[in-house]
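User: I am new to this structure and would like to go through it by question and answer. Please show it first.

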Amino acid sequence: LTLATGCFVTPVNGETLPDPLTLRQALSYATAGHPNLSLADAELEQAVSRKLQIETINNINAYIELAPYAVIPSARIDDDFINDSYARLSVSKTLYDFGYTHSLEDSADEEIFSQQLLTSVTRNQQYITIMQRYFNVILADLHFAAIDERMTTLYVTYDKLLERHSLGMVSDDVLMEAETVYRQAADERKASEKNQFSSRLRLANAINRPEDIPVNLIQPVLPQLDKAIPELEDLFRKAMHSNLTITALHHAVLADRAALQASKQAYGPSLTAGLELNQYEREREGRNDASIGLSLRVPLANGSRTQAKKAGIVAKLSTSQARYDQARFSLREQLSDLISQLDILKFKRESDKKRLDSRSLTLDKNRALYELEMQTTLGTSMASYTEAEWLSVKNDFEIATIWAQIDTLLGKKLYQQQDN
């Protein structure tokens, strides 16, 4: 089934969208450069950058120092300057900081893992957004068709009453009532027509093609409509082990715990190796051409800097832990709500199917009478059938969306699936 309206024009601006557009093609844009995805990628890049910075903390430090000096020694009688210049090559490296950088690296690794999972969550959300907006376009077209049929039927009724009114066969109040009902339908039709365009615009934005408004869409086949509804406890157990958001928040907690451990060691002891090569223009006692050795630095006081830094990280850890706990509590509620909705929609689907079959039979009957010239219009039965079709498809789309939401709660990466 292809649903289209002729008032939408696709701009010829580089590569255009396929026409007609399928759901699978639309969902392929779930990994494209949408701003939502770019923001998630940027957060991940920042986490990777912090890890790279940490890895440089204990790297080799080397420098060359050139010092041109001229001095007048106090022990000399004359006032002549003496060349006291020197050149120095210094190389040093922290060999061991008693676990400080190790804790920082653990924190950075956990943060990267957390951000990777949150990036997947964002892509899943974009996938579902595209699915919903694709469905909304089709529903907007079906709703417009239903409203259009109803308005046409009401206009025919109003036109007949207008003719009879001119013959004095219909009172003013009956005619005015018919006109009011017709104009209300016309208003709804206008709003529905505008919704056709706005729903397409929202879909174009979701697939990151804001200047390429889709025209024709193919109504998809939805195999998930016949899936059995699972038990809540089974779903919950699976989700607790594989939910992307909960896992990401758990690793965020681990990152903050490692950062807290690092804060306790930030002003701790360190063991450093050093090498110096010197060249002096003036020989003096105590000056060395070369030196090599180890240095153990043990701080005795740091002005409460450790406590201050620790306080901030403890607060951040408390926040991360609370978010993790909130996510775990809400997971069961989300699954329960989705399963309840599935139960309702599954039951409603049977009712929609019966209603659609009934309207179809009525339409076939009235079409036969119309062809035999025993009936002058098919408007009412056509409008009823189109409305029933819209309601039925709407229900099916809601079921498909809920299954996608359940899959994301189970930790599936929908945007990596090949079959949509």
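Analyst: Some notes on the model come before the questions. This is a predicted model, in which local features need pLDDT of at least 70 and side-chain atom pairs count only at pLDDT 80 or more, while totals for chains, interfaces and linings use all residues. Residues are numbered from 1 along each chain as its sequence is written, and side-chain values use heavy atoms, with hydrogens and water left out.

User: Which residue in strand 8 is the bridge partner of Leu275?

Analyst: Strand 7 (residues 270-280) and strand 8 run antiparallel and are joined by eight bridges. Leu271 stands opposite Leu296. For Leu275, the bridge partner in strand 8 is Ile292.

User: How many of the eight residues of strand 8 are buried?

Analyst: Buried means under 20% relative accessible area, exposed over 50%, and partly exposed in between (1.4 Å probe, protein chains only). Strand 8 lies largely in the open, because its number of buried residues is zero.

User: How far apart are the end C-alpha atoms of helix 4?

Analyst: The expected span of a helix is 1.5 Å times one less than its number of residues. Helix 4 (residues 172-206) has 35 residues and should span 51 Å. The distance in the model agrees with this: the end C-alpha atoms are 51 Å apart.

User: How are helix 3 and helix 6 oriented to each other?

Analyst: Axes are lines fitted to C-alpha atoms, for helices over the stretch in contact, and angles run from 0 to 180 degrees between N-to-C directions. The axes of helix 3 (residues 100-166) and helix 6 (residues 244-265) come within 8 Å and cross at roughly 160 degrees. Angles under 35 degrees count as roughly parallel, over 145 as roughly antiparallel, 65 to 115 as roughly perpendicular and the rest as oblique. Helix 3 and helix 6 are therefore roughly antiparallel.

User: What is the distance in space between Asp325 and His250?

Analyst: Asp325 is in helix 7 (residues 305-371). With a relative accessible area of 25%, Asp325 is partly exposed. Asp325 and His250 are 75 residues apart in sequence, and their C-alpha to C-alpha distance in space is 9.2 Å.

Conventions: Pairing = 2+ DSSP bridges. Helix = DSSP H or I, 4+ residues; strand = E, 2+ residues; numbered from the N terminus.
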